[in-house]
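Open the model in a viewer with the sequence panel beside it. The stops below are meant to be selected one after another.

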Amino acid sequence: MNAETALKEATTLIDGAIGAALVDYTSGMALGTVGGGKDLDLTVAAAGNTDVVRAKVRTMEMLGLNDEIEDILITLGTQYHLIRLLKGRGTNGLFLYLALDKGRANLAMARLQLKRIENELEV
């Protein structure tokens, strides 16, 4: 599936989804966004979460960890922010970002569904 379809699936099929973005963390630019709104500017979130991903990648390098990041979870008072680094062909340097309403989301299911979307995504 293409990026637009993937983002639409993320926001319509995952319970509690507020918005989703496909982000290039080498530049911090959102390549696509769906959802969000006046309370969640996805382009600002994409840039901010790029800093989170870069910091974690740099920390793992400093620690000499020979591993890879599957996903990063940020828990707020009312939201979950899930960042999933892509590993498929041609997706190096990209991540999927999903914001969820904490009261309506099932975090375990959201992680599984986002992984499935990643596996079907063709960039």
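Buried here means under 20% relative accessible area and exposed means over 50%, with partly exposed in between, using a 1.4 Å probe and protein chains only. Helices (H or I, at least four residues) and strands (E, at least two) are DSSP runs numbered from the N terminus. This is a predicted model, in which local features need pLDDT of at least 70 and side-chain atom pairs count only at pLDDT 80 or more, while totals for chains, interfaces and linings use all residues. Residues are numbered from 1 along each chain as its sequence is written, and side-chain values use heavy atoms, with hydrogens and water left out.

**Stop 1: helix α3**

Select residues 107-120, which make up α3. The helix has 14 residues and spans 20 Å from its first C-alpha to its last, close to the expected 20 Å; that expectation is 1.5 Å times one less than the number of residues. Colour Ala110, Leu114, Ile117 and Glu118, which are buried. Looking down the axis of α3, these buried residues fall within an arc of 100 degrees, so they line one face of the helix. The arc is taken over the directions from the helix axis to the C-beta atoms. On the face turned away from that buried side, find Leu112 and Asn119, both exposed. The cover over the buried residues of α3 includes α1, β4 and β5.

Now move to the N-terminal end of α3. Asn106 caps it, with a side-chain oxygen 3.2 Å from the backbone nitrogen of Ala108. A polar contact is a pair of N or O atoms within 3.5 Å; within protein, one must be able to donate a hydrogen and the other to accept it, and residues adjacent in sequence count only if both atoms are side-chain atoms.

**Stop 2: strand β1 and its partners**

Select residues 17-24, strand β1, where 7 of the 8 residues are buried. Two strands count as paired if DSSP finds at least two bridges between them. Which strands flank β1? On one pairing, β1 runs antiparallel to β5 (residues 94-101) over 7 bridges, and Leu22 stands opposite Leu96. On another, 6 bridges join β1 to the antiparallel strand β2 (residues 29-35), with Ala21 opposite Thr33. β1 and β2 form a hairpin with 4 residues between them, and Gly28 in the turn has a positive phi of about 85 degrees.

**Stop 3: the largest nonpolar core**

A nonpolar core is a set of buried Ala, Val, Leu, Ile, Met, Phe, Trp, Tyr and Cys residues joined through side-chain atoms within 4.5 Å. The largest has 20 residues, of which Ile14, Leu22, Leu96, Leu98 and Leu100 touch the most other members. α1 (3-13), β1, β4 (79-85), β5 and α3 each supply at least two residues of this core, and β5 gives the most, with 4.

Centre on Leu98. Contact means heavy atoms within 4.5 Å. Leaving aside neighbours within four places in sequence, Leu98 has contacts that include Ala10, Ile14, Tyr80, Leu82 and Leu114.

**Stop 4**

Select Leu85 in strand β4; Leu85 is buried, with a relative accessible area of 8%. Beyond four places in sequence, its contacts include Tyr25, Val53, Ile69, Phe95 and Glu118.

Finish at Asn49 in helix α2 (residues 42-63). Is Asn49 buried or exposed? Asn49 is buried, at 7% relative accessible area.
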